[in-house]
Amino acid sequence: MTSATAAAPRVLESPLRAADFTGTGQLLRLYLRRDRIVLPLWILLLSLPLGSVYIKSIEKVYSTPDDLAHLAASILASPAQLAMYGPVYNATSLGAVGIWKAGMFHTLIGVATILTVIRHTRADEETGRTELLAATRVGRYAGLTAVLIMTYGAALATGLLGFVSLAGTSVPKSGSLAFGLALAGCGVVFASVAAVTAQLSVSARVARGLAFAVLGLTYTLRAIGDARAGNGPTSPLTWLSPQGWSLQVRPFAGDHFAILLLHLATTLVLTAVAYYLLAHRDIGAGLIAERPGAATAGDTLNGPFGLAWRLQRGTLLAWTAGLGLYGLLIGSVVHGIGDELGTSQAIKDLISRMGGSDSLEKAMIGFAFTMVAVGAAAYAVSATLRLHAEESTAHTETLLTAAVSRTRWVASHLVYGLFGPVLALSVSGLLAGLIYGRAAGDVGGKLGQTMAAALVQVPAVWTFTAVTVALFGLLPRWSAVAWGVLTAAIAVLLLGSLAGAPQWFRDLNPFEHPPKLPGAAFTATPLVVLLLVDVALITVGLIAFQRRDLRSA
């Protein structure tokens, strides 16, 4: 009987004791050291641009209340933009209009906190680190407590720096504080969601996927609710989403601080649930029982490609379904928005930067599928990082003792990092085109437009697959930095669409380079350059993996 198993009955029967939290401070210092680069990076990326980029850029272009009102009116008239970012609640307020696009940050901070919590809880259990630490003087709840202190603190730091960034501009301090607290509120809610999902499965990948499923569901509920509500009363669907709660705080448009109690209550409940679940399971185990395998392996498990399919299929189907649903949303809201947006040249320029066309429908299609590509890139990183997970758990070492070459093993998973996003983008484009075409009475024409807008994003998505492979080959310990690269690209994408962002800054984002179809002319040159970069990075990663030793946790 292992020490963890022997300790389980005592944990279940005893109330919380101080000894259960022994070592929390030491583990907190360890986690801060391990995240000394990634943690400050996402804190700064999600806070400092709020005032220096968002507010100042909007202030420069929309210098009068009438200009702000025209922009707000165009947003409220566009279900697609309402779905992506939410509504503007004060059409004449620089603060309310300026931070409109930063509504996406409420979801991005959820991505950051989920990754942080799962990395130091379930991922450490999966690799055996937690069991090693449990053999020392470390209490049962010390690890979870330390990571929640760190992640909750990072979310609050993000909100505080966001407040400081906004307060340094001409917008009111009260609204700046409201936005900062709302941003922090979303961060702590999804950190507590991850703390719960970390107790459910023995796999960090599954725990991460469950947390992201909750994040995606709440974003979708908020998006559908805001798109349906338009300029009317808030939809009940919005109140089912933490992102919706953060928007309902309404910074610079009433500053409803009381709504933050929803974030606080949800965080407290989910945190308590996480501790309760942790007390009722063994170290290394999950509360969702693993299904027993068949007595003999089927033909589909014959070789590394069959094994990779078994490991990757659930994630592939889930991401494809999720992006397909987003395609349905795009198709259902884009028709009837109008060919032109208002009379303001500044607004036309903004829409042109977003979607590459003065035609609102075409611009919205182009920009919407850029966002679909962001989701496809997240799947690509997740699928490719399976290489690192298999190596860390020593599964790779076992597999390579058979007649399997390193290149063949990498290819068995790389096929999902490359062609999985193509499948997801194709399904999203197909569903969007069918719904959009049916509404417009031109299925053939609209389907071609949406499919082109989706598939032209493939080389940019593959860049993140290639970056992940390169990190895996060269710096396997830092493979997870691929998530940081994607997060930085998303930040540049959101900031780059604002007026005044220099082109060199926008060019740092791979999603900037594909032609913004269907509104812009097709040019192959940027796609060829992206493909060459992808091939070079993948080649470097493969060569490096061939020459280095295998490593495990």
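Trainee: Which helix is Val443 in?
Mentor: Val443 lies in helix α22, which covers residues 443-455; helices here are DSSP runs of H or I with at least four residues, numbered from the N terminus. This is a predicted model, in which local features need pLDDT of at least 70 and side-chain atom pairs count only at pLDDT 80 or more, while totals for chains, interfaces and linings use all residues. Residues are numbered from 1 along each chain as its sequence is written, and side-chain values use heavy atoms, with hydrogens and water left out.

Trainee: Why does Val443 count as partly exposed?
Mentor: Val443 counts as partly exposed because its relative accessibility is 37%, and that label lies between buried, under 20% relative accessible area, and exposed, over 50% (1.4 Å probe, protein chains only).

Trainee: Which helix gives the largest share of the nonpolar patch?
Mentor: That is α21, with three residues; α16 (304-334) and α21 (406-440) each supply at least two.

Trainee: New topic: where is Phe252, and is Phe252 buried or exposed?
Mentor: Phe252 sits in the loop between α14 (242-248) and α15 (260-279), and Phe252 is buried, with a relative accessible area of 8%. Phe252 is not a glycine, yet has a positive phi of about 65°.

Trainee: What about phi of Asp255?
Mentor: Asp255 also has a positive phi, near 50°, in a residue other than glycine. Asp255 is in the loop between α14 and α15, and counts as buried at 16% relative accessibility.

Trainee: Why point those out?
Mentor: Because most residues other than glycine have a negative phi, and most peptide bonds are trans.

Trainee: Then which residues does a cis peptide bond join?
Mentor: A cis peptide bond joins Leu517 and Pro518, with omega about 5°, and Pro518 is in the loop between α25 (503-506) and α26 (525-547).
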